[in-house]
Every structure is written in structure tokens, then in C-alpha cells.
Amino acid sequence: MTSYGMMEERWLQEMQKPNLETEEQLLQTADVTLRKYLLHIQEEIKLETLSHFLNMLLVDTFRIKGFVYLEDTWYLVNAVGNMLYIEPCSEKKETQKNVLVILSGYGLPTKKAIRKAMEWYPEVVLKIE
């Protein structure tokens with residue numbers, strides 16, 4: 001029985017939430033638009049200089065993360081969105097010394113932003129991979 005403004009009960013039953021607790025595996029795919037850059041950072045720069053450099057990149061990246069050794073101290077660099085955290089951390093093995101991973105995606109001008117920041121702060125980056 002329907003009338004204007006009312007739905008048949010069978011329609012509502014068909015629109016019920018699907019059962020998400022199935023044993024079937026969910027299809028997972030890789031994000032092919034994800035871009036990764038490795039920045040090798042100079043050890044001789046000041047922490048403040050690195051902070052200014054990274055702040056120039058924040059809006060054009062998804063994520064920045066890595067360990068740097070500056071001014072006789074180890075720091076964890078961690079950025080998501082426009083939030084940058086650089087905090088001292090306990091000593092770390094020197095296997096990946098002063099390497100920052102930068103993640104971005106399709107449409108973000110990350111490479112251009114890195115080049116621009118390097119123009120302003122040419123002493124920060126040794127090389128980019």
C-alpha cells in the first residue's frame with residue numbers, strides 16, 4: 001500500500017544496511033597515483049633551516065617522515081597535512097641517516113614545491129631520489 005510520501009515496506013527492507021561481517025576477502029588495490037621522493041638532508045644545517053624548508057612543502061604533500069641528525073641531536077620529522085612535528089628522539093642506528101620520505105599524489109605539485117624550497121634553501125638537500 002503506497003501513497004504520496006510513504007514507501008512500501010519491501011523497499012525499505014531492500015535498502016537495509018549490507019552485512020559487512022562476511023568472510024569474503026575485500027578487494028584491495030594499490031594507489032597508482034602515489035608518488036614517493038627521498039630527500040637526503042645535509043647534516044651541517046640548523047634545525048630551524050630544515051623546519052622553514054619543510055614548511056614550504058607541507059601543502060603540496062600527503063606525508064613527510066624520517067630521522068635526521070642535526071646539531072648533535074637525533075630528530076624525528078613527522079608531517080601530515082599542514083602539521084609539522086620535529087622532535088628530539090633517542091639515538092638511532094645510522095642506517096638511514098638524514099633521509100626524509102615525502103609522499104604525494106596525482107595533481108599535487110610536490111616536485112615543483114621541492115625545487116622552489118631548494119631555491120630558497122639550497123644548503124638543505126644533498127640529493128633527491
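Reader: Among contacts between residues at least 6 apart in sequence, what share joins residues at least 24 apart?

Author: Contact means heavy atoms within 4.5 Å. In the protein chain, 67% of the contacts between residues at least 6 apart in sequence join residues at least 24 apart. This is a predicted model, where local features need pLDDT of at least 70 and side-chain atom pairs count only at pLDDT 80 or more, while totals for chains, interfaces and linings use all residues. Residues are numbered from 1 along each chain as its sequence is written, and side-chain values use heavy atoms, with hydrogens and water left out.

Reader: How many helices and strands does the protein chain have?

Author: Helices (H or I, at least four residues) and strands (E, at least two) are DSSP runs, numbered from the N terminus. Here there are three helices and six strands. Read from the N terminus, the order of elements is α-β-α-β-β-β-β-α-β.

Reader: In what order do the six strands form the sheet?

Author: Strands of a sheet pair through backbone hydrogen bonds, either parallel or antiparallel. Two strands count as paired if DSSP finds at least two bridges between them. In this model the sheet is open, its order is E4-E3-E2-E5-E1-E6, and the pairing is antiparallel. E4 and E6 are the edge strands, each pairing on one side only. From one strand to the next, the twist averages 20 degrees. For such angles, axes are lines fitted to C-alpha atoms, for helices over the stretch in contact, and angles run from 0 to 180 degrees between N-to-C directions.

Reader: How many bridges join E2 to E3, and how many join E2 to E5?

Author: Eight bridges join E2 to E3, and five join E2 to E5. Towards E3, Val 68 has Tyr 75 as its bridge partner, and Tyr 69 has Trp 74. Towards E5, Phe 67 stands opposite Val 99.

Reader: Which residues make up the covered face of E2, and which the uncovered one?

Author: The covered face consists of Ile 64, Gly 66, Val 68 and Leu 70, and the uncovered face of Arg 63, Lys 65, Phe 67 and Tyr 69.

Reader: Is Asp 72 buried or exposed?

Author: Buried means under 20% relative accessible area, exposed over 50%, and partly exposed in between (1.4 Å probe, protein chains only). Asp 72 is exposed because its relative accessible area is 69%. Glu 71, at 42%, counts as partly exposed. Of the 129 residues of the protein chain, 29% count as buried.

Reader: Where does Asn 98 lie, and is Asn 98 buried or exposed?

Author: Asn 98 lies in the loop between E4 and E5. With a relative accessible area of 4%, Asn 98 is buried. Leaving aside residues up to four places away in sequence, the residues that Asn 98 touches include Leu 39, Ile 41, Phe 67 and Val 68.

Reader: Which residues have the most contacts inside the largest nonpolar core?

Author: In soluble globular proteins, nonpolar side chains tend to be buried together. A nonpolar core is a set of buried Ala, Val, Leu, Ile, Met, Phe, Trp, Tyr and Cys residues joined through side-chain atoms within 4.5 Å. The largest one here has 24 residues, and those with the most contacts inside it are Leu 39, Ile 41, Leu 50, Phe 53 and Leu 57. Elements that each supply at least two residues include E1, H2 and H3. H2 gives the most, with four residues.

Reader: What does Phe 53 touch?

Author: Not counting residues up to four places away in sequence, the residues touched by Phe 53 include Leu 39, Ile 114, Ala 117 and Met 118.

Reader: Which residues of H3 are buried?

Author: An α-helix has 3.6 residues a turn, so residues three or four places apart point the same way. In H3 the buried residues are Thr 110, Ala 113, Ile 114 and Ala 117. They are on the same side of H3 because they cover an arc of only 100 degrees around the axis, taken from the directions from the helix axis to the C-beta atoms. Lys 112 and Glu 119 are exposed on the other side. The cover over the buried residues includes E1, H2, E5 and E6.

Reader: Which strands does H3 lie across?

Author: H3 lies across E1, E5 and E6, and runs at about 15 degrees to E1.
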